[in-house]
Amino acid sequence: MLAMADSPRHMHQALGLAAQALFLSSPNPRVGCVLVAPDGRVVGQGFTQQAGGPHAEVMALRDAAAQGGDVRGATAYVTLEPCSHQGRTGPCCDALIAAGVAKVVGALTDPNPQVAGQGFARLRAAGVQVEVGPGAAESRELNIGFFSRMLRGIPWVRMKAASSLDGATALHNGVSQWITSPEARADGHAWRARACTLLAGIGTVLEDDPRLNVREVPTQRQPRIAVVDSRLDTPLTAQVLKTPGGCLIYTSSQDTLRSEDLQAAGATIIHMPNAHGKVDLAAMLRDLAARGTNELHVEAGFKLNGSLIREGLVDELLLYLAPKLLGTGGMGIASFGPLDALSEALALELHDVQRIGPDLRVVARVEGRASF
């Protein structure tokens, strides 16, 4: 029989497989599965494919079948509860039961209300032994956006910025290319690739005309693009309108003709005003979640960044710090305040700090935000 000491090793392997779905499975969670025979041999493994494609458990069962492996009596190590509902694919718990799996070790209960313990319950009812917990923290971290969407009804909001050590994201004349190194830019594209949606403000669109796509790392899926554009100033020739995934424009403008022109150019116009005639950013997040956004990656200017911070809508900062000083007059990361007391500062927790080429990458989370 499988030694208990092997359990952490096989769950670690399953988590490694789940990480391979990082740029692939959204809006579905990133899940890995390892099938281990009673004698300890790994007989199948897999991870969740693109939305509408097979889930990790089915991929592992297919892998076992292709190798001629016998999964009867096997233990399935899965990084999230096997689904129990019929979506674009069938219930994974039923597939494991039909294959004759004897035990399922699951890292976490699926927060999706359509599952939420029912997969584990169905397995137990069929006589499959179920263990829950190994690898839970790692699996949740890998799927923090999915948990955010399911439990809070909004995406996990990650704000990215590249700056000098004195906090300048551009010179006084707006020049910003390039403050950080090619290595940092490539790393930033990897973070883009894992997001469901990239968000920019109209200021960034007008000043830089960015493509906002993933170019520096290989990916099978391009994130959707969203723009906050209160007055519908997005040029009809803007690069963001050419993205294959489509461009969402959130606006407070009632200009019907302009809306029609932008829609003809490839945009989806979403009228979402607040009481001040600007875009209701909190409502925008709820709408993005309803459209399947787990992780929202913000690459905006200091005005939109400041608005998101002021309204308490940012969960995490992804900062690339170049070892240089840009001096007086440089543009900052976010415009908010002024604050009258240090106690009013946005309190952050350092989550990860690494050197990327000559630069420093800091991932900092708003204090207590990941506790949902």
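Colleague: Which residues does the UniProt annotation "binding site" cover?
Modeller: The model is a predicted one, and the annotation comes from an unreviewed UniProt entry. These residues are spread over 38 residues of sequence, yet they cluster in space, with a largest C-alpha distance of 9.0 Å. The lining of the second largest pocket includes two of them, His-55 and Cys-83. The residues that the record names are His-55, Cys-83 and Cys-92.

Colleague: Are H2 and H3 roughly parallel or roughly antiparallel to each other?
Modeller: Glu-57, Val-58 and Leu-61 in H2 meet Cys-92, Ala-95, Leu-96 and Ala-99 in H3, and by class these residues divide into six nonpolar, no polar and one charged. The crossing is left-handed, and the axes come within 8 Å and cross at roughly 30°. Because angles under 35 degrees count as roughly parallel, H2 and H3 are therefore roughly parallel.

Colleague: Which residues of H3 and H4 make the contact?
Modeller: Helix H3 (residues 92-99) and helix H4 (residues 118-125) pack with their axes 9 Å apart at an angle of about 20°, which makes H3 roughly parallel to H4. Their crossing is right-handed, and by class the contact has four nonpolar, one polar and two charged residues. The contact is made by Cys-93, Asp-94, Leu-96 and Ile-97 of H3 together with Gly-119, Arg-122 and Leu-123 of H4.

Key: Residues numbered from 1 in each chain as written. Predicted model: local features only at pLDDT ≥ 70, side-chain atom pairs only at ≥ 80, totals over all residues. Heavy atoms only, no water. Axes fitted to C-alpha atoms, helices over the stretch in contact; angles between N-to-C directions. Helix = DSSP H or I, 4+ residues; strand = E, 2+ residues; numbered from the N terminus. Parallel < 35°, antiparallel > 145°, perpendicular 65-115°, else oblique. Left-handed = near helix turned anticlockwise from the far one by under 90°. Contact = heavy atoms within 4.5 Å. Nonpolar A, V, L, I, M, F, W, Y, C, P; charged D, E, K, R; others polar. UniProt positions renumbered as here; feature names shortened; annotations may be inferred. 1 Å grid on protein atoms, 1.4 Å probe; cavity = no way out; pocket = protein on both sides within 12 Å on 5 of 7 lines; lining within 4 Å.
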